[in-house]
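Hi there,

Here is the structure I promised to pass on. Have a look at it first, and my notes follow below.

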Amino acid sequence: MAEVSLKHIEKIYPNIEGEKKHFFGKKKDAPKKKSNLKQVDGGVLAVEDFNLDIADREFIVLVGPSGCGKSTTLRMVAGLEEITSGELYIDGKLMNDVAPKDRDIAMVFQSYALYPHMTVRENMAFPLKLRNVPKDQIDKKVEEAASILGITEYLDRKPKALSGGQRQRVAIGRAIVREPKVLLMDEPLSNLDAKLRNQMRAEIIKLRQRIDTTFIYVTHDQTEAMTLGDRIVIMRDGVVQQVGTPQELFDHPANLFVAGFIGVPQMNFFDAKLTKDGDIYKVKVGDATFVPSEAKQKRLAAKGVTPQDVTLGIRPEHVTLTDDAPELVTGTVDVSEMMGSSIHLHLNTLGKDVIVIVQTQDLKEEKRGGFKLGEKVSFTFGGDVIHLFGKDDEKNLEF
Amino acid sequence: MASKQETLTSERRHKTIASVVLSIICIIYVMPIVTVVINSFKKNTFVKTDTFALPNAETAAGWANFIKGMTFGNYPFMASVANSVIITVISTFLILFFCSMAAWYIARVNSKFCKVIYYLCIFSMVVPFQMVMFTLSKTADVLKLNTPFTIPIVYLGFGAGLAIFMFVGFVKSIPIEIEEAASIDGCGPVRTFFRVVLPMLKPTLISVGILEVMWVWNDYLLPYLVLDINKYRTIPIHIQYLKGSYGTVDLGATMALILLSIIPVIVFYLALQKYIIKGVAAGAVKG
């Protein structure tokens, strides 16, 4: 357990091949050039001015699409990647030039990275042996970790005789057995099937309660991020978009990207017009006009937002299907997805694909089987759940 | 239906032809060894006259050829065996040890220096030994590489090409994450190599080991050119020197020693040949 502090961390990959750090300084497979990343003098800017203070025992999730720099950031914390500029502190000590083995960290890789010639027991005992821990303590710690992860019966098997889920447990076991200050996880569940992933996610939540350490977890799956993280760091093209608790990100996305990334199905966006009637802000979508809630009015006024064209965001679960409301938006049904307890309706509204989640229990009997394609429906939403984003900078106008 | 049967018959015919052709090729390959075995038990005079006939009551020499071969001349056969064993063991060890390490470095570091070294290794495989043998024998003399304990350095140079080529292919198929995990677990480069990489290279080590042992054990020209023949002989050189006072060669004794010399390498190959297949396939698919 330790505090981790990243100050103005940057990573620049030179434009020549072969930059990833290895023992000998360089490694074969250079990361592919990502077109959206900034080109700077020295090469490609993979991570730009990353600042984050991670508290002791906090569970931080780095999330974002492929190539956003989240794994690179994690690898810089691990010491597997050189930090181009900035400072990394673990437990108050500057770690920029400290070898991975001396950082007192452990890491779980996406591809498990188990030692194929060793048994599960030897794999888990390996880091302890290297630290000259007495044999009886090694045995005790390995047995403990194995029982936490439910792999006691596989201790004498080789990794090739295990399933993907079991291998990942062993990888986690090897990491926790050392009781590291910081536990790093690089997309540990990505290689597992959907069912196993859900199961392992729950296991990690339980594990987190049992071991006292700081977690940094990288994923591209927003569900994992939302369910596991105390705080989430959303990244895009090497730049941090927003840092906050899952609820903060969901309720107050800083920009259009965060709004679209967090939440399943993703937030609906409309082209809208923000107007001001006296002191009251109003948003016009198609023919309907919505009035933001009092709290939103205050925030918009405090920021001195002027009338302008905006993007209005509304989450699918906040849209109500109704014919009976003062302000209605209409659309035609494109796709009706029956999910069991709810129906996901894809509507063609104002030239956009809008998703509405309708609880089946709220529907009339004849509608519970789904909606007909091409059927006209109308919907509305409240002024307290809308999000307004600037057209140019895509930032949330309230914050 | 009829055409299906015709296809089956034609397939069977093809298989039969292939079996016959391959059997003939097989016999052609095995024939020299069979000839050696047969003639090693024949009296010297009958080796030339009845070369391909099995030994009978008149031609059989029993173990006499073996005894004669091992006691002939003024250089003890067991000394030649010892020299061959020393050279083979040390050379193979050096090749496996240094080439696996070098290959790991070459595979993991993408620098121009490594590329040059790698291509030099490949190039060394296509340069015929005869091209360098005279300059080599002179150089080896000057550098005192002409004893059984130092000639392995020359073998290391000649064996490095194939060994590095094979090791690099395999190391590239090992996911880098395993080595990264080792570095986080507490290994430096040396420990990572010996505790993580080397054990994973086992199939390739065995494959390369078998190839190098067969080559060094059977090699005649290199030790003949480099070693001081009066002091040190290997088995192939010892066999070459089985000559009588007027230059006559006892073919029976020669065959007997050839047979003795190939037995260890055949046993070694048979014991480890299943790993050759594994080693060759191991680099092909990322596992």
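Please keep in mind that this is a predicted model. I started with a pair of helices in chain A: helix α2 (residues 120–130) packs with helix α3 (residues 135–149) at an angle of about 130°, and their axes are 10 Å apart. That angle makes α2(A) oblique to α3(A), and the crossing of the two is right-handed.

Chain A has an open sheet of 6 strands with mixed pairing, in the order β7-β8-β9-β4-β10-β11. The edges are taken by β7 (105–108) and β11 (239–244) of chain A; each has a single partner strand, so one side of each is left without a neighbour in the sheet. From one strand to the next, the twist averages 15°.

Within that sheet, strand β4 (residues 59–63) of chain A and strand β9 (residues 214–219) of chain A run parallel and are joined by 5 bridges.

One more helix to look at: α4 (residues 164–176) of chain A lies across β7 and β8 (182–186) of chain A, and α4(A) runs at about 175° to β7(A).

Happy to go through any of this together.

Best wishes

Note on methods:
Residues numbered from 1 in each chain as written. Chains lettered and ligands numbered in written order. Predicted model: local features only at pLDDT ≥ 70, side-chain atom pairs only at ≥ 80, totals over all residues. Axes fitted to C-alpha atoms, helices over the stretch in contact; angles between N-to-C directions. Helix = DSSP H or I, 4+ residues; strand = E, 2+ residues; numbered from the N terminus. Parallel < 35°, antiparallel > 145°, perpendicular 65-115°, else oblique. Left-handed = near helix turned anticlockwise from the far one by under 90°. Pairing = 2+ DSSP bridges. Contact = placed C-beta atoms within 7 Å.
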